[in-house]
Amino acid sequence: MPLSFVTTDDIRTRFSRAMSDMYQTEVPQYGTLLEIVAQTNADAMAADPLLKARLEGAGEIERLNLERHGAIRLGTAQELATMARVFGVMGMQPVGYYDLSVAGIPVHSTAFRPVDDAALAANPFRVFTSLLRLELIKDEDLREEARAILAARDIFTPRLRELLDLYETSGGFDSAQADEFVAEALETFRWHEAAPVSLQTYQRMHDAHRLIADVVCFRGPHINHLTPRTLDIDRTQDLMPAHGIAPKDTIEGPPNRRVMILLRQTSFKALEEKIRFAAGEGAEAAGTHTARFGEIEQRGVALTPKGRALYDRLLSEVMSRTRKVSAAEYNRVLNEVFAAFPDDEATLFTEDLAYFRYVVTPGADRAAGRGMDLAALLEAGLVTLEPIVYEDFLPVSAAGIFQSNLGEGGERDYGDENAAEREFIAALGAEPLDPFEMYDAARQRSIREALAAFA
Ligand code: OOG
Ligand code: NI
């Protein structure tokens, strides 16, 4: 690789910073959310010196308040294919397949994210990327109208397309090219106050599903939220109202526990924003659209298939017991049901519920451990277990986050799911990576390295 090339980690970092700046300008409440997060993170570290030391040791402090993810919704297979190339330049690959139609949301999704440990440590920024499933629009005329509107738009600038070709032939960008690429890519994520469709068309799409209007009626897939990391999600959620921000009622995911598992997330409700609709059947018209919000997340240890099955079973029990209940009652049931999920690292490890990395204990006496097997090394304290952080998303939680700007959506029958997944893969040009295989590979790698240290 020519020396003048910048790394994909570097391009991703430039991009996530540029996106954050743009979004704070576009959505001032998001800037306020970042301030609350910075405050709660500082307070959490002041209250827990051990936590602070651990974050410092891991080089986490500088990145603490940076965005961890964002989300967009695309309209066509071609858009997804090109978006995959754009994210590829930033070292982000599609991981996981999420079918949101089971929750009444007509999209399927993947998460573009860095995959190897070093890249995740450099900057874990991901983009949850959904593709509208037009075939789920029941009304044939409306479906064809949506298809035609989407076919007529190009969400990428001509210069971005040139730069993609250039990157793929030359194998990298120098710093100036990277900056130009980031600026051009950002255009795709920008908000447009002027819609290319009439208010009547918007209304028809909106009546079919609010998400259809959000994807079809705009010039591009505006970033709909960004999400920083909070060290104390419950407290951040509690502080929002005092700062004039309306949070959703409950936090998605597992309850607050001693050992944090998977992912907890919550958001503030989307803003109603003014839109100028094009002249169509009538004159130009003013209207509004509700799409953009801010979210916070807190991540814990990744679960094995066995742990995930337990999580899914407990969560569906919670869901079936909490239809139409208050937030307080939901939290009570959530805590009660999840009491069945072991809450100490030793049990999570011995029952193979969560993924751990085997790390050589700092200062371990290599000679003392020579030739020992893993169990003996752990027993002797020469090797220590470290939780592997969950880097992906949760479909039920994602559906809850979608709802924070969609209002209520009914359950629907959305047909053959395998066919939908095959189409998604075809659009992407590759199967998304399997998160479980990746966590398992990280564990296996750590085992090889630990054993090699005492060979
Ligand atoms: C994406 C919702 C999913 C999350 O954090 O689970 C998501 C969307 O609203 O487009 O971002
Ligand atoms: Ni999100």
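## Exercises on a predicted model

Helix H9 (residues 199-208) lies across S5, S8 and S9 and runs at about 30° to S9. Contact means C-beta atoms, placed from the backbone, within 7 Å. Axes are lines fitted to C-alpha atoms, for helices over the stretch in contact, and angles run from 0 to 180 degrees between N-to-C directions. Helices (H or I, at least four residues) and strands (E, at least two) are DSSP runs, numbered from the N terminus.

This is a predicted model; local features need pLDDT of at least 70, side-chain atom pairs count only at pLDDT 80 or more, and totals for chains, interfaces and linings use all residues. Residues are numbered from 1 along each chain as its sequence is written, while chains are lettered from A and ligands numbered from 1 in the order in which they are written.

**Exercise 1. Work out the strand order of the sheet that holds S5, and find its edges.**

Step 1. Three strands form an open sheet, ordered S5-S8-S9, with mixed pairing.
Step 2. S5 (194-195) and S9 (285-290) each have a single partner strand, so one side of each is left without a neighbour in the sheet.
Step 3. S5 pairs with S8 (residues 272-277) in the parallel sense, over 2 bridges. Pairing requires at least two bridges found by DSSP.
Step 4. Alanine 194 has arginine 276 in S8 as its bridge partner.

**Exercise 2. Decide whether the faces of S7 are covered or open.**

Step 1. In strand S7 (residues 263-267), 5 of its 5 residues are buried. Buried means 20 or more other C-beta atoms within 10 Å of the residue's own, with C-beta atoms placed from the backbone.
Step 2. One side carries Leu263, Gln265 and Ser267, the other Arg264 and Thr266; both faces are covered.
Step 3. S7 runs antiparallel to strand S10 (residues 295-299), joined by 5 bridges. Serine 267 stands opposite glutamate 295 in S10.

**Exercise 3. Identify the element that gives the most to the shell around ligand 1.**

Step 1. List the shell. Among its residues are Arg73, Ser130, Gln265, Glu295 and Phe402. A residue is near if its C-beta atom, placed from the backbone, lies within 6 Å.
Step 2. Strand S1 (67-74), strand S4 (126-132) and helix H16 (395-406) give two or more residues each.
Step 3. H16 gives the most, with 4 residues.
Step 4. Sort the shell by class: 6 nonpolar, 4 polar and 2 charged. Ala, Val, Leu, Ile, Met, Phe, Trp, Tyr, Cys and Pro count as nonpolar, Asp, Glu, Lys and Arg as charged, and the others, Gly among them, as polar.

Terms used
Contact = placed C-beta atoms within 7 Å. Buried ≥ 20, exposed ≤ 12 C-beta atoms within 10 Å, placed from the backbone.
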